[in-house]
Amino acid sequence: MSTQIAPWIILFSPLVAAVLIFLIGRFSKTLSAGLAILSAATGCFLSWWLFRQTEVAPQLALEWLNFGPELTITIGITLDHLSKVMLLVVTTISTLVFIYSTGYMRDEEGYTRFFAGLSLFLFSMLGIVLADNFVMMFIFWELVGVSSYILIGHYYSKDSAADAGKQAFIVNRIGDFGFMLGILLLWSATGTVAFSGLLSAIPGFQGAPVYLTVACVLVFMGTVGKSAQMPLHVWLPNSMEGPTPVSSLLHAATMVAAGVYMLARIFPILEVVPDAREIIAWVGGITCFGAALMATQQNDIKRILAYSTISQLGYMVLGIGVAPTSSEAMFHLFTHACFKCLLFLAAGSVMIAMHHETDMWHMGGLRKKTPVTMICFIAGMLALSGCPFTSGYFSKDLIIEWAVVKTPFLGWLAAAAAGLTAFYIFREFFVVFFGKARSEHAEHAHEQPVSMLVPMLILAVPALFAGLPMIQEQFFTLSHPDANAVPHLLHPFLYAMFFGGAGLATLLYFKAEKDPVSIPLFANRLYIDDVYFWFVNKIQGGGSIALSWADRWVVDLVIVQVPSKLTWACGFALRFLQIGSIQAYAFFFGVGVVGLLYILLSK
Amino acid sequence: MPTLAHYLLVSGLLFSLGLAGVLLRRNILIIFMGLELMLNAANLSLVAFSRFNLLPNGLPNYNAQVLVFFIITVAAAEVAVGLAIIVALFRAKQTTHVEDLNTLKF
């Protein structure tokens with residue numbers, strides 16, 4: 001095995017699995033699940049093997065389109081430290097989620113379709129990770145969109161699921177449009193779309209700095225769509241309509257991570273355009289705070305986690321905006337992938353125990369019924385809320401430190417969001433696992449099979465410990481801001497935030513029968529969804545009505561109906577000549593010939 | 001000695017007879033014969049033109065006569081097809097009168 005071949009095997013084994021599952025999977029459920037898990041496990045094994053290789057041979061690239069010296073597009077592999085770490089995250093998380101899915105989906109319809117979708121999804125994500133140029137990345141970027149559409153709309157007979165899939169696809173399209181424009185601008189600035197070429201060409205770019213800023217912000221729009229940053233975050237909570245393993249995969253290792261990974265990939269370009277990074281930092285900071293606010297008032301067990309994901313992605317984007325390297329954001333992506341995946345799997349386990357009830361006010365008292373799930377949930381919760389010495393504590397605090405140093409306002413905003421994070425996740429925890437059972441299902445809940453518990457227990461380990469310095473330095477080279485530059489208040493403030501948020505949630509929600517707090521602004525998601533609804537309904541709907549009027553009265557009537565009726569009228573008039581007498585026809589014919597001759601000869 | 005005008009006169013008469021037959025007779029076979037008569041009127045005038053428009057070397061212009069042979073050949077083929085259609089029509093309708101063949105109308 002060489003380091004040239006291994007990435008291709010990692011990339012294509014899920015695709016092969018997806019095709020095989022489509023072809024032969026319907027004969028056996030075990031076979032389709034087995035194929036998917038085998039392909040993911042192969043990728044996982046090879047990724048770890050590749051990660052251990054210090055020497056990497058130059059990668060092969062296939063010339064795909066050649067438009068002359070101006071533009072050559074290759075299908076090739078980038079294998080550097082960044083993509084190796086990302087490969088580890090993606091393949092490892094996917095393998096665990098695939099195994100979990102065999103348990104979660106055991107009684108569901110479309111079992112084989114689901115595993116084929118998962119494999120296709122993994123293939124698309126690996127394509128983004130391994131792409132060596134923007135065009136190839138864009139292709140896989142869109143493939144991720146398509147496969148997420150398939151998976152979110154898995155229960156396609158349910159209207160809400162079909163709509164959610166459509167929404168995810170359409171909202172992503174808006175971001176992708178900007179992404180594509182950004183790619184084209186960067187290409188016209190440098191004449192290349194390959195990352196290696198771009199990275200060497202951009203620092204020497206001679207044109208106006210605002211050109212690069214615009215290009216980078218447009219590329220960042222791709223991230224805004226895919227990584228669900230404000231204001232394009234609305235699709236992500238709705239994507240909860242998909243089966244929980246999909247949410248878990250979508251929100252941890254794939255799809256939403258793609259946006260951050262892409263920013264990390266082009267980080268050397270962003271370094272020379274400080275204005276673009278400023279914008280990125282602000283979007284990230286506002287998202288991480290705004291989404292945390294919305295999460296505090298949700299009642300759906302998965303939606304809280306969805307807003308939490310948006311908020312955590314905000315931290316990563318903020319990290320890209322303020323930190324001196326991309327490692328800090330990638331570090332948070334890495335730890336977040338572990339604990340958020342864990343939280344989703346735990347939530348899925350609760351949902352199965354509750355017969356697909358997702359309103360957490362119908363749960364309660366599950367700590368005795370599902371103890372293993374609760375332990376896993378606690379591990380994920382502590383990491384997410386930044387409990388000292390868990391993985392989230394290290395990665396989140398590092399980003400906040402840099403933010404405080406670079407842009408104090410955003411830094412303190414992110415620190416406050418950390419308090420909200422602790423509050424909303426402890427709220428969810430207490431409402432789900434403590435208090436009395438508030439419904440029939442909650443009283444008869446039971447623990448889940450081993451295939452679901454084992455992946456959760458495995459994930460609990462990195463969720464708690466992946467941030468420890470001796471582990472993190474295996475994967476990342478992190479830089480910390482100068483200790484004197486960081487305000488001395490910051491760390492006490494962060495501890496206060498964690499304990500304050502967790503304590504307040506304990507106070508309010510321990511044994512709460514119904515929500516003692518009601519803030520409509522947050523419960524209604526800052527009314528952003530309503531603004532979109534109003535816009536689509538009124539503005540776009542009004543435009544559609546005008547266009548429909550034009551279509552009906554201009555196109556249909558003037559352009560189509562008038563000539564059609566005119567032709568019909570002529571035909572109707574001429575019909576009376578059809579009198580059924582052959583000799584009359586001969587006579588008309590003769591008169592016609594004579595008339596024609598007269599016209600021709602009289603000149 | 002008959003001149004070109006005589007031939008054209010005869011040809012015109014034949015054509016008119018044919019046309020009158022087509023327009024006025026009711027039996028489809030007679031109409032068909034009228035058609036053939038019109039074709040032969042055209043043939044006659046072509047041959048007459050050929051005979052009376054001598055080329056500078058004193059020979060008639062044979063192009064017209066070749067065209068006549070074409071017309072005869074095509075007419076023979078047309079008669080074969082036409083009669084076949086009439087036979088088929090008779091079998092279907094038990095009539096050869098055009099007044100009875102008037103279903104194709106508005």
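At what angle do helix α1 and helix α2 of chain A pack? In this predicted model, local features need pLDDT of at least 70 and side-chain atom pairs count only at pLDDT 80 or more, while totals for chains, interfaces and linings use all residues. Residues are numbered from 1 along each chain as its sequence is written, and chains are lettered from A in the order in which they are written.

Helix α1 (residues 6-24) and helix α2 (residues 29-52) of chain A pack at about 180 degrees, their axes 9 Å apart. Because angles over 145 degrees count as roughly antiparallel, α1(A) is roughly antiparallel to α2(A). Their contact comprises 17 nonpolar, six polar and no charged residues.

Thr370(A) lies in the loop between α16 (366-369) and α17 (371-385) of chain A. Thr370(A) is buried, with 24 other C-beta atoms within 10 Å, the cut-off for burial being 20 or more. Among the residues that Thr370(A) touches are Ser349(A), Val350(A) and Glu447(A), not counting residues up to four places away in sequence.

Between the chains, eleven residues of chain A are in contact (C-beta atoms, placed from the backbone, within 7 Å) with ten residues of chain B. Helix α26 (residues 582-601) of chain A gives the most to the chain A side, with five residues.

Definitions and conventions: Two residues are in contact if their C-beta atoms, placed from the backbone, lie within 7 Å. Helices (H or I, at least four residues) and strands (E, at least two) are DSSP runs, numbered from the N terminus. Axes are lines fitted to C-alpha atoms, for helices over the stretch in contact, and angles run from 0 to 180 degrees between N-to-C directions. Angles under 35 degrees count as roughly parallel, over 145 as roughly antiparallel, 65 to 115 as roughly perpendicular and the rest as oblique. Ala, Val, Leu, Ile, Met, Phe, Trp, Tyr, Cys and Pro count as nonpolar, Asp, Glu, Lys and Arg as charged, and the others, Gly among them, as polar. A residue is buried if 20 or more other C-beta atoms lie within 10 Å of its own, exposed if 12 or fewer, and partly exposed in between; C-beta atoms are placed from the backbone.
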